[in-house]
Amino acid sequence: MKITYLVFIALWIFGCTVSKNKQIEPGKILPDNNGIHINAHGAGFLYHKGMYYMFGEHKIEGKKGNSAQVGVHCYSSENLIDWKDEGIALKVIEGNSDHPITKGCVLERPKVIYNQRTKQFVMWFHLELKGQGYKAAQTGLAVSQSITGPYSYVKSLRPNAGHWPINFSEEQKKKEYDYSINRWSEEGREAVVSGMFVKRDLKGGQMSRDMTLFVDDDAKAYHIAASEENGTLHIRELADDYLDFTGKYVRVFPEESNEAPAIFKRHGKYYMISSGCTGWKPNPARSAMAQNIMGPWEALGNPCRGTEEQVKTTFHSQSTYVIPVHGKEDAFIYCGDRWRPENAIDGRYVWLPIEFEGDKPIIKWYDKWNLSQLDN
Ligand code: DGJ
């Protein structure tokens, strides 16, 4: 009995040491506990009761995998190194083509947060209705009592119908537009900056595509999404139960075409990493900082350091999330997707440590790196 116990302890210590020394290899196959490449693209992460949970788009082989054929896949890990397959947290609906999350819709960038008050896990995602390309520009909601699911679909919508952004002037509200204007002409761009699409979509709700969620220290949650035909980010306050929008939102970087927002907080300041809009192809990342999540936001430029190619392509990736590492001060991991639209399932994950030059977040390439690199 005693020997079995000692062997067990020895194996456990050995296992911990092996994991501690395991390295993160950005862009390489990331195997789960079954040795299968993790299938959770455009992922979000949630730290809950000592475990990290990863939620992302489950892709299938080929181009068909760019639309949702299965749903949202969940994995868990104690150490951000060893990931256990927890199965499909939210399934697309089969056999009902009228359902908003019917198989074949586009369901991207799922993010899950936990509501302390209601004890509910709340998932928001980007939803495009089947057969409509990227026209619907909605955000969808699903909830569960259990972190790994199953999540039940609640609704999908364009947020904040009837509400003006809080950083919109009376003059902007009154402005009239010719909606047939070429959006990319000089006048078109000016119209977009001044809020042409906000006004157009006021009644039906604001467009919402690439998205993330952020929960602040006071438990208030925010939904941050590419809006206004992908020209402008909206940062939207969520209701206390996280199941709705309060109507309070701001426009950030009008007509600067930010996608793939990821938010984190350090030393009381808010940071954002985002990308430009070039479909599945990578482009130079952007970074920004704010004293208040509702702005004003100050652009800090491209956070990447390296060769011209690396800086131009964000190490061939597009941001999806920044993980605050639990138990370490000032430790953040940039998580990006290296999309493979020709064979969606083979998309790779580019995870790199975030370093700081003063107040500026910096991302450098490492072929392999260890979490201890984040120790200060
Ligand atoms: C870039 C977005 O960031 C992705 O989530 C996806 O929507 C692709 N565009 C589709 O082209």
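Predicted model: local features only at pLDDT ≥ 70, side-chain atom pairs only at ≥ 80, totals over all residues.

Student: Okay. How many helices and strands are there in the protein chain?

Tutor: The protein chain has five helices and 21 strands.

Student: And how compact is the chain, going by its radius of gyration?

Tutor: The radius of gyration is 21 Å, close to the 21 Å from the globule rule for 376 residues, so the chain is as compact as a globular protein of that length. Along its principal axes, the C-alpha trace spans about 80 × 55 × 45 Å.

Student: What percentage of the residues is buried?

Tutor: Buried residues are 54% of the 376 in the chain.

Student: What about contacts between residues 24 or more positions apart?

Tutor: Take the contacts with a separation of 6 or more: residues 24 or more positions apart account for 52% of them.

Student: On to the inside. Which residues have the most contacts inside the largest nonpolar core?

Tutor: Those are Phe45, Met54, Trp83, Ile333 and Trp351, in a core of 39 residues. As a general point, nonpolar side chains tend to be buried together in soluble globular proteins.

Student: Which strands supply at least two residues each to this core?

Tutor: They are E1, E2 (51-57), E13, E14 (269-275), E18, E19 (332-338) and E20 (348-357). The largest share is from E20, with five residues.

Student: You listed Trp351. What does it touch, leaving out residues up to four places away in sequence?

Tutor: With those left out, Trp351 touches Ile24, Pro26, Leu30, Phe45, Met54, Leu80, Trp83, Ile333, Tyr334, Cys335, Gly336 and Trp369. Apart from this core there is another, of 21 residues, including Leu46, Leu90, Ile101 and Tyr151.

Student: New topic, then. How much space is in the largest pocket?

Tutor: The largest pocket holds about 840 Å³. Its lining has 31 residues, and Leu46, Tyr47, Val215, Tyr321 and Pro324 are the ones nearest its centre.

Student: Which elements give two or more residues to that lining?

Tutor: Strands E1 (41-48), E5 (106-115), E9 (211-215), E13 (259-266) and E18 (318-324) do.

Student: How does the lining of the pocket split by class?

Tutor: It has 21 nonpolar, four polar and six charged residues.

Student: And how many cavities of 30 Å³ or more are there?

Tutor: The structure has three of them. The largest cavity contains about 70 Å³ of space.

Student: What lines the largest cavity?

Tutor: Its lining is made of Glu57, His58, Lys59, Gly65, Asn66, Ser67, Ala68, Gly71, Val106, Leu107 and Glu108. By class, that is three nonpolar, five polar and three charged residues. Strand E5 gives the largest share of this lining, three residues.

Student: Is tyrosine 242 buried or exposed?

Tutor: Tyrosine 242 counts as buried because its relative accessible area is 3%, and the cut-off for buried is under 20%.

Student: What about histidine 267, buried or exposed?

Tutor: Histidine 267 is exposed, at 58% relative accessible area. Its phi is positive too, near 50°, and histidine 267 is in the loop between E13 and E14.

Student: Last one. Where is lysine 175?

Tutor: Lysine 175 is in the loop between helices H2 (170-174) and H3 (186-194). Its relative accessibility is 37%, so lysine 175 counts as partly exposed. Leaving out residues up to four places away in sequence, lysine 175 touches Ser194 and Lys199.

Key: Residues numbered from 1 in each chain as written. Heavy atoms only, no water. 1 Å grid on protein atoms, 1.4 Å probe; cavity = no way out; pocket = protein on both sides within 12 Å on 5 of 7 lines; lining within 4 Å. Points joined across faces, edges and corners; volume = space filled by probe spheres on them. Helix = DSSP H or I, 4+ residues; strand = E, 2+ residues; numbered from the N terminus. Nonpolar A, V, L, I, M, F, W, Y, C, P; charged D, E, K, R; others polar. Core = buried A, V, L, I, M, F, W, Y, C linked by side-chain atoms within 4.5 Å. Buried < 20%, exposed > 50% of the residue type's maximum accessible area, 1.4 Å probe, protein only. Contact = heavy atoms within 4.5 Å. Rg over C-alpha atoms; globule rule 2.2 N^0.38 Å.
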